[in-house]
Amino acid sequence: MKHISILIPRGAAALGCIEGAYRMFTQCNDFLVRRDKPALFNVQMVGISEEGQVYDKAFTVRPDTVVSEVPKTDLIIIPAVNGVMEEVIDINKDFLPWIRGQHGKGAEVASLCVGAFLLASTGLLKGRRIATHWLSVNDFRRMFPEVNLVSDQIITDEQGIYSSGGANSFWNLLLHIVEKYTDREMAIMCAKYFAIEIDRNSQSAFLMFKGQKEHDDDPIRAIQTFIEENYQEKITVDQLTAQFAISRRSLERRFKKATCNTVSEYIQRVKVEAAKKGFETSRKNITEIMYDVGYSDNKAFRTVFKKTTGLSPVEYRNKYNKTAIMME
């Protein structure tokens, strides 16, 4: 059997990730038994201590066992954890050597949503890609600059190290693991049972660009503000260098360091975010929205929009603005 260890973290954690992982693998066992096959998964809740953890002020989850009593496991699932991440990692630091040790023995490890912060703290992500909730990417990059964060991905699979993107995308990762451990037919069965859209691989359409301003470079922050307040205009890097009296080379270097984006990328993302809001809330057509955010080249606008969101302007509007569709 495959031994699966679902961690029960101290502090605040997403109960849905814990319960969802437990249900996925136990339901898979049920489907196997109905096929006259043996159950495949031995699922355990594993804590640092035997103490039950209270989540959402109402639900107590008691571990089946503790890490010191699990000599060997096949898959460790790290659920989403909430709070100030430095503090969350500190109160759960006793998990980290156990995870590293189990991985050294051949165990695979999966982080769900912002459980990626705990996974990154183990030091196992060197040279690997990781996904997390899009809302936490700035904090993650600040804390783990050496890790290859892929903010647009729903799931990653890096030689036995798995991760999922934001919120309910953890279901897609669980389906991916089920398919690897069983077969495609079982994954489809579970997808239908839990009503999950199988093979969804991008969270780009859900991203809300907030601008990366948690840095100490005041002139760069002023440039960011200017871009955000003037996205309707055609803004160029040369214009910014002249207006803010900074050399192009210095601007590009400092801007990238502060925001993790080039100046051009930042301008594009601000304009696309404004376009997204236009598609969501207005009845304007694509050309009108394009002009509203400072684009005059239809092809360029569509290309940048799809690259950023994973959807064409029409697909995005149809997904998030039912009123506009009804008016056509």
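Contact here means that heavy atoms lie within 4.5 Å of each other. With that in hand, let us work through some exercises on this predicted model.

**Exercise 1. Get an overview of the protein: how many helices and strands are there, and what percentage of the residues count as buried?**

Step 1. Begin with the secondary structure: the protein has 15 helices and 13 strands.
Step 2. Turn to the dimensions. The C-alpha trace spans about 65 × 50 × 35 Å along its principal axes.
Step 3. Look at burial: 50% of the 328 residues count as buried.
Step 4. Finish with the contacts between residues at least 6 apart in sequence, of which 63% join residues at least 24 apart.

**Exercise 2. Find the buried side of helix H7 and say which helices it packs against.**

Step 1. Locate H7 at residues 184-194 and pick out its buried residues, which are Met186, Ala187, Cys190, Ala191 and Phe194.
Step 2. Look down the helix axis. The buried residues of H7 fall within an arc of 140°, so they line one face of the helix.
Step 3. Check the face turned away from the buried side of H7: there you will find Glu185 and Lys192, both exposed.
Step 4. Ask what the buried residues touch. They pack against helix H1 (15-34) and helix H6 (170-181).
Step 5. Inspect the two ends. At the start of H7, a side-chain oxygen of Asp183 comes to within 3.3 Å of the backbone nitrogen of Glu185. Just after the helix, Ala195 has a positive phi of about 55°.

**Exercise 3. Repeat the burial analysis for helix H14: which residues are buried?**

Step 1. In H14, residues 313-320, the buried residues are Pro313, Tyr316 and Arg317.
Step 2. Viewed down the axis of H14, these residues fall within an arc of 95°, so they too line one face of their helix.

**Exercise 4. Describe how helices H8 and H10 meet.**

Step 1. Recall what is needed: two packed helices are described by the angle and the distance between their axes.
Step 2. Read off both for H8 (residues 218-229) and H10 (residues 248-259): the axes come within 10 Å and cross at roughly 85°.
Step 3. Classify the crossing. Angles of 65 to 115 degrees count as roughly perpendicular, and H8 and H10 are therefore roughly perpendicular to each other.
Step 4. List the partners. H8 contributes Pro219, Ile220, Ile223, Gln224 and Ile227, which meet Leu251, Arg254, Phe255, Ala258 and Thr259 of H10.

**Exercise 5. Are Gln53 and Thr132 buried or exposed, and which backbone oxygens lie by their side chains?**

Step 1. Apply the cut-off of under 20% relative accessible area for a buried residue. Gln53 has 11% relative accessibility and so counts as buried.
Step 2. Examine the neighbours. Leaving aside residues up to four places away in sequence, Gln53 touches Ile8, Pro9, Arg10, Gly11, Phe59, Thr60 and Val61.
Step 3. Find the backbone oxygen: that of Glu51 lies 3.5 Å from a polar atom of the Gln53 side chain.
Step 4. Move to Thr132, in the loop between strand S10 (129-130) and helix H5 (137-143). Thr132 is buried, with a relative accessible area of 0%.
Step 5. Here the backbone oxygen belongs to Cys113, and it lies 3.1 Å from a polar atom of the Thr132 side chain.

Methods. Residues numbered from 1 in each chain as written. Predicted model: local features only at pLDDT ≥ 70, side-chain atom pairs only at ≥ 80, totals over all residues. Heavy atoms only, no water. Axes fitted to C-alpha atoms, helices over the stretch in contact; angles between N-to-C directions. Helix = DSSP H or I, 4+ residues; strand = E, 2+ residues; numbered from the N terminus. Parallel < 35°, antiparallel > 145°, perpendicular 65-115°, else oblique. Buried < 20%, exposed > 50% of the residue type's maximum accessible area, 1.4 Å probe, protein only. Arc of directions from axis to C-beta. Polar contact = N/O pair within 3.5 Å; in protein donor to acceptor, adjacent residues only side chain to side chain.
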